[in-house]
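I opened my notebook today to look up a few things in this structure. Here is what I was working from.

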Amino acid sequence: MAKEFELNEMEFWDGNYAASQALRQAQVDVVAAYPITPSTPIVENYGAYQANGYVDGEFVMVESEHGAMSGCVGAAASGGRVATATSSQGFALMTEVLYQASGMRLPIVLTVVNRALASPLNVRGDHSDMYLGRDSGWINLDAFNSQEAYDLTLCAFRVGEHLDVRLPVMVHQDGFTTSHKAQNVNPLQDEVAYKFVGDYVPVDDMLDFSRPVTHGAQTEEDWHYEHKAKQHKALMDSRKVIDEVLEDFKELTGREYKRVETYMMEDAEVAIIALGSSVETSIFAAKQIREEEGLKVGVIAPRCFRPFPFDLIRDAIDMSANLKAVVCMDRSAPGGAMGALFNEVSAAAYTTKNRPLITNYIYGLGGRDFGVEEAKRIMREQKAHADAGHITTEIQQFSGVRGPRLGFFTTRRD
Amino acid sequence: MTDIRWHSRAGQGAVTGAKGLGDVLATTGKYAQGYALYGSAKRGAAMNAYNRIADEPIINHETNMFPDFVLVIDPALAFSDDITKNDKSTTKYIITTHLTKDELISQIPALQDKADRVFVLDCIEISLNTIGRAIPNAPMLGALVKVSNMFELDFFLDGMKKVLSKFPQKIIDGNMAAITRAYNEVN
């Protein structure tokens with residue numbers, strides 16, 4: 001029986017430590033992992049908990065991230081609660097198996113510490129890995145600080161393992177900015193946390209010899225399409241369960257999460273949409289600019305990136321009748337397209353009442369600092385669009401990059 | 001909001017110091033951040049660690065800051081690092097050095113109009129004599145407690161004892177002595 005870990009009511013934890021504690025409290029049966037910066041400490045801490053008797057489950061050291069996720073798939077198909085952690089190149093190497101995990105409907109929890117993808121090699125935070133996995137059929141939850149990395153990892157087990165969902169879940173946090181920044185974290189005691197997560201309920205597990213099943217079978221044109229359609233429906237339908245689990249978590253802890261977070265949107269004239277720790281920096285900047293310049297800025301943040309909250313993004317955009325301009329912040333190299341968040345938010349906004357002007361910033365690649373002054377400059381620029389009644393800059397711009405100014409496409413609605 | 005920037009070499013314990021400070025603050029009802037900019041830096045490389053301290057939850061994640069306190073825990077970095085970067089008219093500097101304050105300031109042009117905001121002590125010597133190793137983070141915390149008036153010394157010592165509770169008694173005693181000596185010696 002695993003030992004209880006002594007926890008204070010208020011701890012000072014970084015995001016990695018917070019995530020590892022959540023994995024420990026969920027009493028995962030199998031963690032198969034291959035450490036990579038900046039998520040290494042999640043695996044390291046978990047190994048220490050296991051070695052020191054705080055975990056009953058198995059910790060499997062594998063030869064690569066492909067092996068790590070393959071081990072997770074095997075263990076989950078066998079009927080256990082399974083989790084691992086990765087970042088960046090490791091995430092990229094896992095990608096093939098990510099699709100296997102979701103297609104086999106295995107509720108694995110993957111804590112992803114977001115980091116740039118090479119080349120050039122870079123260990124710092126951006127959302128390239130999150131974007132790489134966005135169509136892999138996993139539920140994607142996004143933490144903006146270490147408290148949330150802890151809270152959402154606990155919620156992830158409940159969501160993924162729910163009998164109406166049975167899908168793998170990623171919990172993202174920003175490399176270094178969240179993973180290596182200690183801050184006040186209010187953890188649950190072991191018993192309370194485990195009770196919230198609940199016992200694992202196996203479904204079609206391979207170790208149930210009385211009822212033999214096959215996982216990962218081949219289907220050609222006769223059945224593949226139906227499987228993928230059902231998988232998509234399961235993701236879309238998981239929205240209800242995600243909402244319920246977040247509601248239960250609020251009842252337990254008082255900490256409220258929604259699939260789309262909105263801040264100061266009730267009277268907003270312009271809004272900024274972002275993911276990760278930049279959400280909080282944007283709220284900080286928006287409060288300042290409201291006080292200093294009277295500019296009515298709101299912040300919208302997808303807490304759940306997949307299933308994409310098309311419904312709640314539209315609610316957020318229509319929350320203020322005065323909303324005129326929205327900027328979508330993409331922290332991933334767009335590879336010859338508009339940013340993914342811009343594309344998805346624009347598609348959702350097209351059928352809103354407000355149909356605001358929408359622009360796109362690429363920012364923060366490879367860990368480039370996103371500062372308060374730059375956030376305020378971007379907010380003022382949105383106000384200029386709002387006042388002019390049309391987009392006054394290129395539709396896609398780059399924030400905080402050296403060299404000649406970069407911008408692409410202009411509006412045809414002036 | 002109080003912002004603190006540490007100038008250190010990787011391995012000297014700035015991150016541990018920044019986190020230890022946060023650990024103590026978290027028990028007092030204050031909110032803090034403790035983070036560093038190091039990434040792939042190897043032992044001995046110059047690096048920065050940071051603290052933000054406030055009465056309410058801290059949501060600013062900008063790495064860059066305009067520090068209220070600059071803590072230099074490696075003597076050479078006072079000369080080679082841009083320690084006055086983002087200086088405010090109230091920024092206080094606590095610098096580890098074997099020199100006197102006047103000698104130090106006379107050799108660093110950037111500090112010459114800030115003499116009333118510069119405090120010195122020899123964290124390296126203090127840690128060698130108390131802990132037995134050149135780990136200048138603990139003495140720097142003692143100096144910070146004195147200069148900032150953030151805590152009563154005894155309160156801080158009690159807090160640090162809890163943070164270090166998993167270490168052998170000898171290490172805890174060494175750290176307590178280092179903090180106390182630094183508190184008394186910083187000038």
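**Ground rules.** I am reading a predicted model, where local features need pLDDT of at least 70, side-chain atom pairs count only at pLDDT 80 or more, and totals for chains, interfaces and linings use all residues. Residues are numbered from 1 along each chain as its sequence is written, with chains lettered from A and ligands numbered from 1 in the order in which they are written.

**Chain B overall.** I looked up the elements and found seven helices and six strands in chain B. These are DSSP runs, with helices being H or I of at least four residues and strands E of at least two, numbered from the N terminus. Starting at the N terminus, chain B reads β-α-β-β-β-α-β-α-β-α-α-α-α. Its radius of gyration is 15 Å, close to the 16 Å of the globule rule for 187 residues, so chain B is as compact as a globular protein of that length. That radius is taken over C-alpha atoms, and the rule is 2.2 Å times the number of residues to the power 0.38. I also noted that 48% of the 187 residues in chain B are buried, meaning that 20 or more other C-beta atoms, placed from the backbone, lie within 10 Å of a residue's own.

**The sheet.** Which strands make up the open sheet of eight, and in what order? I read β1(A)-β8(A)-β2(B)-β3(B)-β1(B)-β4(B)-β5(B)-β6(B), with mixed pairing. Two strands pair if DSSP finds at least two bridges between them. At the edges I found β1 (11-13) of chain A and β6 (118-121) of chain B; each has a single partner strand, so one side of each is left without a neighbour in the sheet.

**Inside the sheet.** I then followed β4 (residues 69-72) of chain B, which runs parallel to β5 (residues 92-96) of chain B and is joined to that strand by four bridges. Opposite B:Val70 I found B:Tyr93 in β5(B).

**A:Leu110.** My last stop was A:Leu110, in strand β5 (residues 109-114) of chain A. Is A:Leu110 buried or exposed? It counts as buried because A:Leu110 has 28 C-beta neighbours inside 10 Å. Leaving out residues up to four places away in sequence, A:Leu110 touches A:Thr84, A:Thr86, A:Pro168 and A:Met170; contact here means C-beta atoms, placed from the backbone, within 7 Å. I also looked at A:Val169, which is 59 residues from A:Leu110 in sequence but 6.3 Å away in space, C-alpha to C-alpha.

Definitions and conventions
A residue is buried if 20 or more other C-beta atoms lie within 10 Å of its own, exposed if 12 or fewer, and partly exposed in between; C-beta atoms are placed from the backbone. Two residues are in contact if their C-beta atoms, placed from the backbone, lie within 7 Å.
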